[in-house]
Amino acid sequence: MNRKLKRSLWCWLALSPLVVAVLFPFAVMFFTSFKPASEVFVYPARWLPMHWRWQNYVDMWQAANFGVALRNSIVISCLSTALALAVSLPAAYALARFPFRGRGLYRQFLLVTQMLSPILLVVGLFRLAAMIPYGDGNLVDSKLGVIVSYAAFNIAFAVWMLSSYFQTVPRDLEESAWLEGCSRSGAVLRVFLPLAVPAVVVTAIFTFISAWNEFAVVYTLIRSPENKTLTVQVTDMVAGKYTVEWELVMAATLAATLPVSVVFAWLQRYMVKGLALGAVK
Amino acid sequence: MTLGPLKQTPPAGPASGKAPEPTRATNRMSRSQRAVAVPRAPWLLILPSLVLALFIISYPIFNIVYQSLHDVSRFGQIRGFSGLQNFYNVFSDPVFLSALQNTLIWTFCVVVGTVLISVPVALILNQDFYGRGVARTIVMLPWSVSLTMTAVVWRWAFNDDYGMVNVTLQRLGVIAGPIHWLATPQYAFPVEIAVGILVSIPFTTTILLGGLSSVPGDIYEAARIDGASAWQQFRRLTLPLLKPFINMAILLNVIYVFNSFPIIWVMTQGGPDDSTHILVTYLYELGFRLGRPGEAAAVSLVMLVILFVFSVAYLRVQSKRGGGAEGDLA
């Protein structure tokens, strides 16, 4: 027992620089977001606010148009996650269950799509969106364009995660369902999918988070304030302004970040298993 | 492609259609006629994902090639074929050359720094100690934050007079007066590299932890009985077993870091004096700020070629050196 205590101290000591570096920005966000404007720009600056100003969050909600941006982020992230899962689930099932010809090729294709990050294609992506008629104009400045491209760029990750989990679901269960007269698709629906629910949920949440956090595509495709997401909205509060109201910006980043961080903290251990399994299989 | 320990059943007969690779294509399937009867099923299952991915990727690639060979107005009007003029313009732009150089420095430093920090961090997090769950969560935390938000916060933290970095360093007596971190070319880029390393650690550590969890514990037991020191255990056992995971982490990190846009764009927008531009920020500025989409497309293509050559070369070298599973990242 004593040995473990000693080891714990060493481990924490070794990790301490990293822990400080990770928590530093959270501390900056937290303390700045509660400072009154008059305390943000005083020299020498101090860490803790003298007066805790909760009103900042109310002001930020107005200044950042936070409600609208929040709704856009939720809509775009949810729909793109749904679309990505809808196409990735069958593909992951095929990869995990059928050793078909061209399987390696398909996996290589996924790796290539990982390589082509949206930012590399952004010039062409913009033209693609401008070319497709939608509503009164085209897909530029519409949420649909963003949703479809997020879904497409998340396929590789989703298939990767899902198929690695699917491989751990015992085949025998499905096969015994066939023997009892269940059709192949029936067995998938009634036996396989219920077992795969946790994997699907975890993958969905990570896909959601990556869409929530994406920047380059929305930044390029979305122009009007009523379609902007949180990441773009926060960047707009900072970029190209003479005076940045940092206390409001920090309140906005903290409000946009904290819910996602909490969910992520709760789920990160599933990530370790899934990614590693999918990677070197 | 290693499929894991599949049972070696005798190959099924011609009933399974073409049966191209009998040993693995049919071993388990042969138990059920239903599965064998539908060789097209897997293709139908992957079709939707293939179509969606190809749709979003192929046209933009085609369009980038097209734009890079044409004279394009700032509003995207094609004004005529211009051959390699866009490439010529780009290559003779000193900003492009410095951005190219910066990209190599940026990618190299961030990836190497990340791996050098992540290996010990993963080893520590794989130990059994009090508060390990909390420690893992903290190390993973930067992953959950949008790169954009991270960059915004660090930009404020590195503010000259009011930022918490200068305040803290002054309190601790490390520096005498405020340092103009982001306004000084010598400091701005290293600061961005440091932020880049910090946000890349969670992903890398995750992969390495996955690798460590697949290492059986009893080999260490055996090594200890044989009198191997901790360092020898690391050199002779852990490192070789981790190698495929480190390789994959390097490959994926190179791809991500090479393409990483928000950190530099938000923190310095390529400034001061274009000194922190990397290719992606340069590309974005050409395409959407300076109104030169043709040249931006040319930069995109140059980047695609670099990435492609790197990935192929890397996978080739790895599979030649390691063979087996190591070349099998795809």
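**Close-up views of a two-chain predicted model**

**View 1. Chain B at a glance.** Chain B has 14 helices and two strands as its secondary structure. Please keep in mind that this is a predicted model. Of the 330 residues in chain B, 42% are buried. Among the chain B contacts with a separation of 6 or more, 62% join residues 24 or more positions apart.

**View 2. Where chain B meets chain A.** Here 90 residues of chain B are in contact with 92 residues of chain A. On the chain B side, helix H3 (residues 41-68) supplies the largest share, 16 residues. This side of chain B is made up of 60 nonpolar, 22 polar and eight charged residues.

**View 3. Inside the largest nonpolar core.** This core holds 170 residues, and A:Val159 and A:Ala252 are the ones that touch the most other members. Helix H7 (residues 143-166) of chain A contributes the largest share of the core, with 17 residues. Leaving aside residues up to four places away in sequence, A:Ala252 touches A:Met60, A:Ala64, A:Phe66, A:Val234 and A:Met237.

**View 4. A look around B:Ile250.** You will find B:Ile250 in helix H11 (residues 230-258) of chain B. B:Ile250 counts as partly exposed because it has 17 C-beta neighbours inside 10 Å, while a buried residue would need 20 or more. Setting aside residues up to four places away in sequence, B:Ile250 touches B:Val111 and B:Val115. B:Ile56 lies 194 residues from B:Ile250 in sequence, and the two are 26 Å apart in space, C-alpha to C-alpha.

How values were computed:
Residues numbered from 1 in each chain as written. Chains lettered and ligands numbered in written order. Predicted model: local features only at pLDDT ≥ 70, side-chain atom pairs only at ≥ 80, totals over all residues. Core = buried A, V, L, I, M, F, W, Y, C linked by C-beta atoms within 7 Å. Buried ≥ 20, exposed ≤ 12 C-beta atoms within 10 Å, placed from the backbone. Helix = DSSP H or I, 4+ residues; strand = E, 2+ residues; numbered from the N terminus. Contact = placed C-beta atoms within 7 Å. Nonpolar A, V, L, I, M, F, W, Y, C, P; charged D, E, K, R; others polar.
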